[in-house]
Amino acid sequence: MPQPCSVVIFGASGDLTYRKLIPALYNIAADGDLPAALSVVGFARREKSDESFRAELKEAVGKFSRSGRSDEVWASFADRVFYHRSEFGDADGYQRLAERLNQLDAERGTRGNRLFYLSVAPSEFEGILEHLAAAGLNTTVEGAWTRVIVEKPFGTDLATAQELNSVVNKTFREKDTYRIDHFLGKETAQNIMVLRFANGIFEPLWNHRYIDHIQITAAEPLGVEQRGPYYESSGALRDMVQNHLLQLLCLVAMEPPTDLAADSVRDEKVKVVRSLRPMSAEDVARDVVRGQYAAGAIGGAEVRAYRAEDRVSPQSMTETYVALKVHVDNWRWDDVPFYIRVGKRLPKGATEIAVQFKNAPSVLFNKGAESIGANVLVIRIQPDEGISLRMQCKMPGAALRIEPVKMDFHYGTSFGKASPEAYERLLLDAMSGDATLFARRDEVEGAWRFIDLIEEAWHAAGAQPPLCEYPAGSWGPKEADELLARDGRSWRRM
Amino acid sequence: MPDTLDLPQLGTPVPVSQINRELKKLWDTGTGPAPTRASLINFAVYCRSTEALAENTELIAEFTRNHACRALLICVCRQAPEPHISAWVNAHCHLSRAGAKSVCCEQITFLLEGEIKGRLTNIVFSHLDSDLPLYFWLQGDISERLNPTLWPWIDRLIIDSLAWTNPRDQFARLQASLTSAKATLTLRDLNWTRTLYLRQALSAFFDAPAHLAHLPALQAVRFQHAPGHRSTALLLLGWLAGQLGWTLQNSAPLVFESSGNRRVAIELTESPGAALSACTLDCGEASFAIRRDATERYLHADIRLPDGHHFQHVLPAGPDTTLQLLDEEMTRGARHAPYLRALAAITPLL
């Protein structure tokens with residue numbers, strides 16, 4: 001159970017607050033894991049009263065909470081929710097916030113512990129952090145703590161990430177800074193370490209001797225929706241690969257940590273980031289495919305091309321799809337490629353890691369022209385979190401016919417209790433002071449260092465790699481298939 | 001969804017975006033005994049008329065008794081004036097062989113009306129059970145408009161050339177599609193499966209070395225087939241030609257030349273009854289014949305040798321109905337080289 005504290009959400013009238021943060025806090029309360037002395041303060045520009053804020057949140061919880069909404073739990077929870085109206089740049093607003101938090105400490109026993117959640121655009125970070133410091137909100141009373149949670153995107157390249165880190169670390173110590181990547185809060189992402197290090201059968205096989213390659217896929221059928229301007233400045237590589245997918249890669253590729261302390265785990269992840277083979281412009285041209293969706297069909301309906309989306313340039317060169325081949329240059333992963341792909345307007349919404357093992361020797365059943373498939377261990381991050389293992393099996397009958405079969409474990413149906421949402425786990429951890437599932441400064445900067453090389457190659461003067469088109473609703477450009485076909489491999493069927 | 005389409009057997013109508021959610025609900029039994037969901041393949045059935053939806057659903061329900069799968073039943077009606085999509089989800093549950101547990105398979109049905117480019121492939125791609133093979137049963141003629149990106153995804157393409165209006169054109173179109181898409185799928189023709197037990201019976205005639213000695217003397221082959229089953233008889237003939245290395249000499253009268261430069265006369269006659277009701281190999285003084293009466297489940301084999309010996313025995317006749325053919329197909333290996341050889345031998349006759 002975390003200590004009593006006040007959670008202050010900057011950007012409280014934003015979508016994330018309504019869809020994720022408040023439903024997550026509500027569910028933690030419904031599970032009985034929230035301390036009795038807890039205040040939630042929404043900080044935003046719009047004019048609202050505590051009551052009107054609560055009424056809006058009540059509706060949002062009814063709509064977005066995984067456990068629905070119980071009137072009894074809501075009444076108890078809503079009582080602890082407050083609204084603080086202020087401009088982000090108004091120093092006086094922060095002074096009033098400080099007074100209000102002190103008052104809540106006194107009235108509700110939150111003991112001076114504060115968790116600030118920056119659910120705002122990165123351009124607002126610096127101003128908010130400076131004002132927090134000026135109002136003395138980055139420090140607190142003796143024996144209490146102040147922490148800050150920062151939402152992605154954490155920079156747009158290495159230089160901006162370093163600058164942001166400097167800004168944050170001027171106000172909060174690194175150990176009190178929680179860079180959130182909601183993928184890491186998913187039950188299956190957390191389970192990767194358990195799967196690897198708590199099962200005697202997997203860890204001995206988890207290396208270049210037995211693993212042929214690894215595929216990490218993050219697919220979604222949605223287009224850019226209302227996020228055109230943001231996406232235009234970001235693209236799939238920066239939006240997804242730099243953070244979510246490299247974090248997953250780290251969990252799959254890391255060495256066992258010495259213990260489960262936050263920094264022990266993060267030390268190992270950083271080693272993976274440092275081992276990523278840097279890409280030259282030639283490597284990028286050969287091993288990275290960038291694509292953009294054209295018009296096509298999703299779910300039986302026609303959908304428009306990216307360039308025809310709202311507030312997107314008709315000549316846009318922004319990638320909505322990336323496929324890349326990555327090498328982790330260390331002892332364990334020698335010559336084992338990691339194929340990563342991410343895209344919008346793909347047929348399914350799914351994030352999965354597939355560990356493809358090497359084929360059995362071509363002596364008995366692999367002897368013919370038709371090779372039998374490899375064993376594949378799939379870790380489904382979302383949706384339908386779970387794990388499956390594909391193996392080969394003889395079909396019943398006199399003839400020797402081998403077909404793949406699948407052992408499947410689903411979190412959703414295997415346990416009596418539903419998995420908590422990622423934000424529930426992450427908020428709970430931040431309140432408890434456990435930073436294991438949050439990215440550290442050196443992880444973030446290391447990931448940018450790797451990604452920047454690709455971005456530079458894409459945008460360098462002269463011969464840039466092409467932007468490949470793919471029809472919406474397909475599995476990406478044919479060049480991405482060729483990327484694996486060159487190595488005698490193919491993307492797995494999802 | 002069209003107002004006139006009232007097919008309760010298709011299950012629950014669902015918006016396409018809610019299919020996965022509705023499938024989960026199928027398995028949420030609350031406090032009741034939990035059924036076991038089973039799937040070894042993705043079994044996609046492609047048809048072109050709404051009438052075929054009910055028929056195929058009944059067939060899938062029976063099929064899932066022996067073959068656990070996720071079934072995708074896709075009906076494409078391009079002639080509709082406006083594009084529209086309807087979907088249903090359903091589960092087919094059967095008691096396991098042990099009798100204690102209910103084992104269920106999912107069926108997702110789509111009715112795609114009108115024309116939208118890329119819609120069929122998206123529907124297939126987005127509803128596959130991951131990491132399992134895709135068996136795609138393409139009912140009726142091969143459409144020129146099938147998206148070539150679909151072919152590489154198919155592990156086993158099931159067709160029934162008996163239903164084709166113009167087999168020669170259809171085979172040519174199929175070969176061209178597969179070649180251009182560099183497909184590595186296995187092609188399975190239910191019409192070829194119809195000949196399976198006859199092929200096995202004919203092969204078995206010559207397992208005995210004493211019988212095999214008569215094969216080089218083969219001079220005439222007579223097939224009797226039901227009306228509408230000429231292509232079945234031709235596939236059986238093609239198998240003989242392909243396996244024995246014959247080349248077509250003349251199509252009327254029908255004559256092949258054996259690898260030993262002997263003339264083999266072929267006679268195809270039409271007669272009501274079983275798809276293939278008789279097959280006789282005339283090897284001079286020896287003859288090998290198979291006969292099947294329409295209502296019988298067995299083939300009658302008859303061997304007459306020059307020394308006066310006369311043997312008769314019965315053999316299983318094999319599958320007749322579409323369901324039986326599919327059942328048989330599911331138990332077969334994946335190679336299709338003999339089929340392609342047979343096809344090459346008879347293509348000019350189709």
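Predicted model: local features only at pLDDT ≥ 70, side-chain atom pairs only at ≥ 80, totals over all residues.
1. Conventions. Residues are numbered from 1 along each chain as written, with chains lettered from A and ligands numbered from 1 in written order. Local features need pLDDT of at least 70 and side-chain atom pairs 80 or more, while totals for chains, interfaces and linings use all residues.

2. A pair within it. β15 (286-291) and β16 (298-304) of chain B run antiparallel, joined by five bridges; pairing requires at least two DSSP bridges. B:Ser287 stands opposite B:Arg304.

3. Chain A, strand β4. Five of the five residues of β4(A) (114-118) are buried, so this strand is largely enclosed by the rest of the structure. Buried means 20 or more other C-beta atoms within 10 Å of the residue's own, with C-beta atoms placed from the backbone. A:Arg114, A:Phe116 and A:Leu118 cover one side, A:Leu115 and A:Tyr117 the other. In a regular strand, side chains alternate between the two faces of the sheet.

4. Neighbours of β4(A). β1(A) (5-10) pairs with β4(A) in the parallel sense over five bridges. A:Ile9 has A:Tyr117 as its bridge partner. β5(A) (146-150) also pairs with β4(A) in the parallel sense, over five bridges. There, A:Arg114 stands opposite A:Thr146.

Conventions: Helix = DSSP H or I, 4+ residues; strand = E, 2+ residues; numbered from the N terminus. Buried ≥ 20, exposed ≤ 12 C-beta atoms within 10 Å, placed from the backbone.
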